[in-house]
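This report goes through selected features of the structure shown here.

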Amino acid sequence: MEVKIHKAGLLTTVQDLGRTGHRSSGVPVCGPMDTVAFRLANLLVGNNETTAALEITLLGPEIEFSEDRLIAVCGAQLSGIEVNRPHLIKKGQKLNLGACTSGVRSYLAISGGITTELILGSQSTYLRGSFGGFKGRALKQGDLLSLGKGRTLKEGLAKFYLSGSPIPPYSSALTLRVTVGAQHSEFAAGLFTQSFKVSPVSDRMGLRLQGKALQRKVSKELTSSAVVCGTIQVPADGQPIILMADAQTLGGYPQIAHVCAVDLPLVAQLKALDAVEFSLIALSHAHELLRQREHEISLIREGLSERFYFSA
Amino acid sequence: MQVRLRTQVITFCALGDSALEIKLGSASETGVLERIQVLASALRKETALWIIDILPVYGTVAVFYNPIKMPPGTASPYEFACTWIKALAVKSGVLARRTPTLNKRAKPVEIPVCYDKSLGQDLESVAAKAKLSIEALIKLHTSVTYHVHAVGFAPGFPYLAGLSSKLHTPRLQTPRQKVPAGSVGIGGDHTGVYPFSTPGGWNLIGQTPLTLFDITWDSPALLHVGDQVIFKAISKEEFSIWK
């Protein structure tokens, strides 16, 4: 079973939950920018949460199916489809996904998942390294993607709707919760006292922010050290960068703070010129928020698990 | 949190809510690189579900963890991880007064380099700044056993310490858009090799035909933290045959 890409969209890549375990070789994690939307899309079609799916950026693809399949889109709202619920796409039907109307990134999960070669244990596309995913690149017109064995719903589609989901509403003005970074005390106040604008020069490696320059009180050069998804580093120009999925494994710039894991899906949905503020929380609070989020996802997982069966 | 056991100090620092950094000192201090490797390898042998990834870099080891996968009832995932790692460090001899010995035979990896201005655009300017002939520069660059202090920037890119102070050269003011794969460069007090064609700001003095990163290898990078490296000068003819 294959699907054919008739239109690729703006930047459509194959991702699974990321390539971990190879940071010591300098390999970035990659994977979906918004892991929550990604996992929910998979759950809605009876897949494992880690199953490879498509990350869609700003404009969706047009895809032809050669067999009946369940699909779901989660994340940014896309014109042309109702998000957060499964749909049955019929054999020969073209799924035409439009532009994002809120947020930036949507996830298209197809029941059975997308089958590509495992590179270092993962199917995630690493664009800069040109490996992983589909031929190490974003999808193009004419590409044929093979799929795994799909599942079918036990009941009708009408009963399916993800309501009160753990996907927070996307906003063009939001506050991100952070914990302190190693060089936090070296900076004058500024991170928490202003609103930053998201620069158009942002991508899967990181979001660049623009605001009143953050002043570092010391000029000591740092040796490179580990960074995480969400690390806010401040280069010499004082304009912070939030590192994201494709970021390199090491950073040499001062680390002023780290966005809490629970708020990273919101970062993934920020678009150019959106406004961002930061608020500081304790590490224990960050862990508690994450625990609550995982609990909500586990309830959805349990609720859905009984409702699918494998088709012949 | 800080613990002093005999002479080796270990400190912990949170790196966001899903990672932490263990500091054992500066990578250039005697024994620190060995201790880093012993700790990283001890952590790798453990099968704790909450450990996601381990990254040794300079005098630190970063541990990436999943706070959700900690044992039930864990009050503070961070404190739990620190205590657990500290116990492992003690058990594996990382904090002992005597530098722990490594299981791995420390045999330097030999990297053949063609030092030629056609393959290293900055060869002449680095030599001129150091007030050295090209021959003397090559001799100096190939006479040292280097240590890998970090791997990153790009997949498989080694930061090599041990460069002769005469060859320390500041990075380029404006990085190049494209550095050829295999380029050997000098950035400040480090030397290194670009495994891929990437943008880069180091001074290029030559090129190796050797592959430093391959996704089909179990561990895709040729070099890892703690490895020793020596450079060997080869001619343009040897370089083209090798390629």
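Which residues have the most contacts inside the largest nonpolar core? They are A:Leu176, A:Ile242, A:Val259 and A:Phe278, in a core of 49 residues. A nonpolar core is a set of buried Ala, Val, Leu, Ile, Met, Phe, Trp, Tyr and Cys residues joined through side-chain atoms within 4.5 Å. Helix 1 (residues 35–44) of chain A gives the largest share of this core, 7 residues. Domain 1 (2–167 + 294–310) and domain 2 (173–281) of chain A both contribute residues, so the core lies between them; the domain bounds come from an automatic or database domain assignment. In soluble globular proteins, nonpolar side chains tend to be buried together.

The model is predicted: local features need pLDDT of at least 70 and side-chain atom pairs count only at pLDDT 80 or more, while totals for chains, interfaces and linings use all residues. Residues are numbered from 1 along each chain as its sequence is written, chains are lettered from A and ligands numbered from 1 in the order in which they are written, and side-chain values use heavy atoms, with hydrogens and water left out.

In chain A, 7 strands close into a barrel in the order 12-19-16-17-14-13-20, with mixed pairing. The twist averages 40° from one strand to the next; the axes are lines fitted to C-alpha atoms, for helices over the stretch in contact, and angles run from 0 to 180 degrees between N-to-C directions. Helices (H or I, at least four residues) and strands (E, at least two) are DSSP runs, numbered from the N terminus, and two strands pair if DSSP finds at least two bridges between them. Strand 14 (residues 206–210) and strand 17 (residues 241–243) of chain A pair in the antiparallel sense over 3 bridges, with A:Gly206 opposite A:Leu243.

In chain B, 6 of the 6 residues of strand 5 (residues 60–65) are buried (under 20% relative accessible area; exposed is over 50%, partly exposed in between; 1.4 Å probe, protein chains only). On one side these are B:Thr60, B:Ala62 and B:Phe64, and on the other B:Val61, B:Val63 and B:Tyr65.

| Partner strand of chain B | Bridges to strand 5 |
|---|---|
| Strand 3 (residues 19–23) | 5 bridges |
| Strand 4 (residues 51–57) | 6 bridges |

B:Ile22 has B:Val61 as its bridge partner, and B:Ile54 has B:Val63. The hairpin of strands 4 and 5 of chain B has 2 residues between the strands, and B:Tyr58 there takes a positive phi near 50°.

Ring pairs also link B:Tyr58 with B:Phe153, B:Phe157, B:Tyr159, B:Tyr194 and B:Trp202 into a cluster. Rings of Phe, Tyr and Trp (its six-membered ring) pair if their centres lie within 6.5 Å; planes under 30 degrees apart count as stacked, over 60 as edge-to-face and the rest as tilted. Over all chains the structure holds 15 aromatic pairs. One of them, A:Tyr126 with A:Phe131, is edge-to-face at 5.4 Å centre to centre and 70° between the planes. A:Tyr126 is buried at 8% relative accessible area, and A:Phe131 is buried at 4%.

Two residues of chain A have a positive phi without being glycine: A:Ser130 at about 55° and A:Leu273 at about 75°. A:Leu273 is found in the loop between helix 2 (264–268) and strand 20 of chain A and is exposed, at 56% relative accessibility.
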